[in-house]
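Subject: Structure for your files

Dear colleague,

Here is the structure I said I would pass on.

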Amino acid sequence: MLAAAMTSSIGAIEGPRRVLEVGPGTGPFTKAILRKLRAGDQFDLVEINENFCRTLEKKLLGPYRGKHPRVKIGLHCAPIEEAKLEGPYDVIVCGLPFNNFPPKLMRQIFRRMFALLKENGELVYFEYAGVRVMKGPVLDSAGRARLKRIDAYGKSLRRHHDGKKELVLGNIPPAIAYRLKGERKNSTQAKSTQTKVTGGAKKSSGGRPRRERKSA
Ligand SMILES: C[S@@+](CC[C@H](N)C(=O)[O-])C[C@H]1O[C@@H](n2cnc3c(N)ncnc32)[C@H](O)[C@@H]1O
């Protein structure tokens with residue numbers, strides 16, 4: 001269910017499409033992306049872990065290439081901060097667990113992803129619902145301060161990139177997919193974040209637009 005939410009915009013784009021997946025791990029989103037690709041599309045994956053890269057290549061990408069020679073697929077076994085990639089991409093699907101990351105690294109990674117995203121393209125990432133609330137009590141004060149900065153940066157991104165939330169209640173555990181728009185030059189994108197609840201009502205969370213912080 002989460003994979004469907006994370007990849008839903010790919011089908012709506014007229015081809016040829018360029019799709020990037022960041023942090024595929026064992027490939028739950030990769031499988032959903034591969035099902036949507038057509039001849040002429042390009043799909044790049046960036047995964048830091050060599051074991052996951054080997055498994056992805058052997059179990060998913062190699063067999064897929066054999067059957068779909070006209071889809072270009074590139075697996076980059078590297079951190080997204082350093083991977084040799086050429087944008088722009090129509091869609092970036094990001095599976096990185098930002099609640100475990102230092103805020104500075106999270107900002108660095110989002111800057112890289114926005115640099116690779118097409119103007120008006122879509123960057124989609126996720127987190128498990130309530131994860132920061134659940135982690136808070138078991139962390140020390142430095143850990144809680146880190147989570148607060150992660151939360152604030154996420155909110156700032158969503159205000160400045162026309163953020164949309166999709167609550168995927170059917171996922172175990174429930175998760176939230178966040179969609180951000182690529183950077184449009186010469187226009188203000190600050191808006192409140194709209195929330196879609198899969199199978200439920202729409203809600204809007206207001207908020208005063210704030211300038212996105214550029215550095216630590
Ligand atoms: C939580 S897993 C997500 C995997 C998958 N999307 C899922 O939902 O099961 C995150 C993956 O991101 C990879 N990763 C972590 N930091 C990364 C980075 N800086 N660049 C690329 N991949 C990274 C990890 O090795 C891991 O496979």
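What follows is a summary of what was found, from the overall fold down to single residues.

Please keep in mind that this is a predicted model.

Overall
The protein chain contains six helices and nine strands. It has 216 residues, of which 34% count as buried. Taking contacts between residues at least 6 apart in sequence, 73% join residues at least 24 apart.

Helix pairs
Two packed helices are described by the angle between their axes and the distance between the axes. Helix α4 (residues 103–116) and helix α6 (residues 141–160) have axes that come within 9 Å and cross at roughly 20 degrees. At that angle, under the 35 degree limit, α4 is therefore roughly parallel to α6. On the α4 side the contact involves Pro103, Met106, Arg107 and Phe110, and on the α6 side Arg146, Arg149, Ile150, Tyr153 and Leu157. Sorted by class, this contact has six nonpolar, no polar and three charged residues.

For helix α2 (residues 28–36) and helix α3 (residues 50–67), the axes come within 11 Å and the crossing angle is roughly 0 degrees. That makes α2 roughly parallel to α3 as well. Here Thr30, Lys31 and Leu34 of α2 meet Leu56, Leu60 and Tyr64 of α3. The classes in this contact are four nonpolar, one polar and one charged.

Helix α6 and what follows it
The 20 residues of α6 should span 28 Å at 1.5 Å a residue, and the end C-alpha atoms are 29 Å apart, which agrees. Buried residues in α6 are Ile150, Gly154, Leu157, Arg158 and Arg159. Of these, Ile150 and Leu157 also belong to the contact with α4.

Asp162 follows α6 and is found in the loop between α6 and β6. Its phi is positive, about 55 degrees, although Asp162 is not a glycine. Asp162 counts as partly exposed because it has 18 C-beta neighbours inside 10 Å.

Other backbone features
Most residues other than glycine have a negative phi, and most peptide bonds are trans. Asn120 in strand β5 (residues 117–128) has a positive phi near 70 degrees. With 12 other C-beta atoms within 10 Å, Asn120 is exposed.

A cis peptide bond joins Gly87 and Pro88, with omega about 0 degrees. Pro88 lies in the loop between β3 (72–76) and β4 (89–94). The bond from Ile172 to Pro173 is cis too, with omega near -5 degrees. Pro173 is placed in the loop between β6 (164–168) and β7.

Ligand
Which residues are closest to the ligand? They are Gly23, Gly25, Ile48, Asn49 and Gly95, out of 17 residues that surround the ligand. The shell has 11 nonpolar, four polar and two charged residues.

Two further residues
Glu57 is in helix α3 and counts as partly exposed, with 17 C-beta neighbours inside 10 Å. Apart from neighbours within four places in sequence, Glu57 is in contact with Gly62 and Leu75. The C-alpha atoms of Glu57 and Leu75 are separated by 7.8 Å, and the two residues are 18 apart along the chain.

Arg184 sits in the loop between β7 (175–181) and β8 (193–197). It counts as exposed, with 12 C-beta neighbours inside 10 Å. Arg184 and Gly121 are 63 residues apart in sequence, yet 9.7 Å apart in space, C-alpha to C-alpha.

Regards

Note on methods: Residues are numbered from 1 along each chain as its sequence is written. This is a predicted model: local features need pLDDT of at least 70, side-chain atom pairs count only at pLDDT 80 or more; totals for chains, interfaces and linings use all residues. Axes are lines fitted to C-alpha atoms, for helices over the stretch in contact, and angles run from 0 to 180 degrees between N-to-C directions. Helices (H or I, at least four residues) and strands (E, at least two) are DSSP runs, numbered from the N terminus. Angles under 35 degrees count as roughly parallel, over 145 as roughly antiparallel, 65 to 115 as roughly perpendicular and the rest as oblique. Two residues are in contact if their C-beta atoms, placed from the backbone, lie within 7 Å. Ala, Val, Leu, Ile, Met, Phe, Trp, Tyr, Cys and Pro count as nonpolar, Asp, Glu, Lys and Arg as charged, and the others, Gly among them, as polar. A residue is near a molecule or strand if its C-beta atom, placed from the backbone, lies within 6 Å of it. A residue is buried if 20 or more other C-beta atoms lie within 10 Å of its own, exposed if 12 or fewer, and partly exposed in between; C-beta atoms are placed from the backbone. The expected span of a helix is 1.5 Å times one less than its number of residues.
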